[in-house]
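Open the model in your viewer and keep the selection panel at hand.

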Amino acid sequence: MCKNIVVRVLKIAFWSLLFCLQSCRFSPVNVENRLDEAEELYRQGAYSNNSSQYESSTEYLKHAEGILLSIQPSDISNPQLERRNRLLGLVWFRLGNTSESEMLYDIAHSYYRKAIPLLNPDSNSLYLTCAYRDMARTMALTGGEQDSVLWYFSQAEQHAKEAKSDLLLLDIDAYRYQICYLDSVSHRLSVCKQLAEEYQVPARYSEIVELLLAQHATDSAAYYLERLRPTDSAYTYWFEQSYAYLQSKILLQRGQADEAYRVLLNLYDRKIDELQRDAGARTYALSLHYDVARERLMAESERVKARGQRAISAILVVLIVVLIILFIVIWRYWQQRRREQAGQLQALREKYIQQLQLALERLQQKVSLTREMEMQRMRGNEVEFPKWLQTYRDEKLVMNKDSLNELIASIDKALDGAISRLRAEYPELTESDMQFAILSIIGASDNDMSIVLNVQKQTIYHRRQIVRKHVHPEIEDIDSWLRKYVLNV
């Protein structure tokens, strides 16, 4: 019974500990907080990317990617899994944009390939369309097969139609003819004009100017060049560079080589200044990145430490609870066992006290009858003692050896072998000593012992001293010690 209780307690403690650890690590609140943190980092990365701050954008997005990848799909619910996959797809798409802006086309290609399966056609149809379009463009720039490039353009066109975006359809068509059908100049030109004039995409004016210059339509190229103006301040510098480069080509086509040279020289000087500023900015960004990374590592270390402390606290609490439960179970079992042993011993005492009382009554009858018969003999009457009375005169035994052995065996069994252990621990105890010990344990008085053992009371006193000497000479009350020994052993 006690063993089953202990096994159950240990099982409960094990599962409680496991639940505490899992709760500390993957609680719903913790997962939601990490998803919120990743979403905020994605927003900062997307804003930095739209502002041409590609290094900062990559930093934010890579940090968001690390948080999302650390959340295992098997440890979260379905709504959280959908949110995690949606954010991861958007993060990979933005990382592809920043890599492409840095002309790292192979890396951008790998990010687009990972983002496409996670972008939902229903909720992220525009991003999915752009991912297929950019996938085709980066594949073409890295030397991919034209059939594969056209297939990705067709997928982008299909999703653009489902999203009902005429702007994306024209944009995909323009890129497809620019990359795959270079001879279709007129179609490219019409698509670019439609994008630039109807949908206000100023970047397409530079392509229009390039196409017109290739056809030596210098005046038309100059007309469209004047319309090359930015609508977003983030791209102002790019438009200025493109404008200066195209202006130098127009001047050169018009035969104004000196003017074209001065424009290009001015553009070169500005480019040198830009590179110097960029180098300084990158140096500062590297140092800032080091500080931010160090602070992030310290914060992560603190979080890990706090999580470890919470786990250790939970483990300690569970262990303390388990120890308390085990202590209570063992204490209750020990108390129950003590009560059972005391009850059994009391039953034995009552049984043998009754036997002893009956034996004493019979002994008293024998004594009275013997005295009466001896008085008759003293008066000169010839009286013959019966055989059973003659036995008493010769032995004077109330309990024979078999009865004593039966008493010893019963008490030993009731006390889980305590008498056997007493005999083994103190081998100096003789059979007479053990008989005294057993009678003392069941609470027999000296008078009872003298009658049962057929000895004088003085002999009982000497036997008590011998037993005390064999056990512990320092013991004052050997009777109390014997009772405590058999109950506590």
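A charge sits over a ring if NZ of Lys or CZ of Arg is within 6 Å of the ring centre and within 35 degrees of the ring normal. Bear in mind that this is a predicted model.

Select Tyr175 to begin. The charged end of Arg137 sits over the ring of Tyr175, 4.8 Å from the ring centre.

Next, the aromatic pairs. The whole structure holds 9 of them. Pick Phe93 and Tyr127, an edge-to-face pair with 5.6 Å centre to centre and 80° between the planes. Phe93 lies in helix H4 (residues 78-101) and Tyr127 in helix H6 (residues 125-141), so the pair ties together parts 34 residues apart in sequence. Phe93 is buried at 5% relative accessible area, whereas Tyr127 is partly exposed at 28%.

Move to Tyr426 and Trp481. Their ring centres are 5.9 Å apart and their planes at 75°, so this pair is edge-to-face. Tyr426 sits in the loop between helix H16 (418-425) and helix H17 (431-441), and Trp481 in helix H20 (residues 478-488), 55 residues apart. Tyr426 is buried, with 9% relative accessible area.

Last stop: the surface. Select Ile312, Leu316, Leu319, Ile320, Ile324, Phe327, Ile328, Trp331 and Trp334. Together they form a nonpolar patch with about 930 Å² of accessible area. Zoom in on Trp331, in helix H13 (residues 257-378). Trp331 counts as partly exposed, at 45% relative accessibility.

Terms used: Residues are numbered from 1 along each chain as its sequence is written. This is a predicted model: local features need pLDDT of at least 70, side-chain atom pairs count only at pLDDT 80 or more; totals for chains, interfaces and linings use all residues. Side-chain values use heavy atoms; hydrogens and water are left out. Patches are made of residues with over 30% relative accessible area and no salt bridge: like charges are joined within 9 Å, nonpolar side chains (Val, Leu, Ile, Met, Phe, Trp, Tyr) within 5 Å. Accessible areas come from the Shrake-Rupley method with a 1.4 Å probe; for residues, only the protein chains shown count as cover. A salt bridge is a side-chain nitrogen of Lys or Arg within 4 Å of a carboxyl oxygen of Asp or Glu. Helices (H or I, at least four residues) and strands (E, at least two) are DSSP runs, numbered from the N terminus. Buried means under 20% relative accessible area, exposed over 50%, partly exposed in between (1.4 Å probe, protein chains only). Rings of Phe, Tyr and Trp (its six-membered ring) pair if their centres lie within 6.5 Å; planes under 30 degrees apart count as stacked, over 60 as edge-to-face and the rest as tilted.
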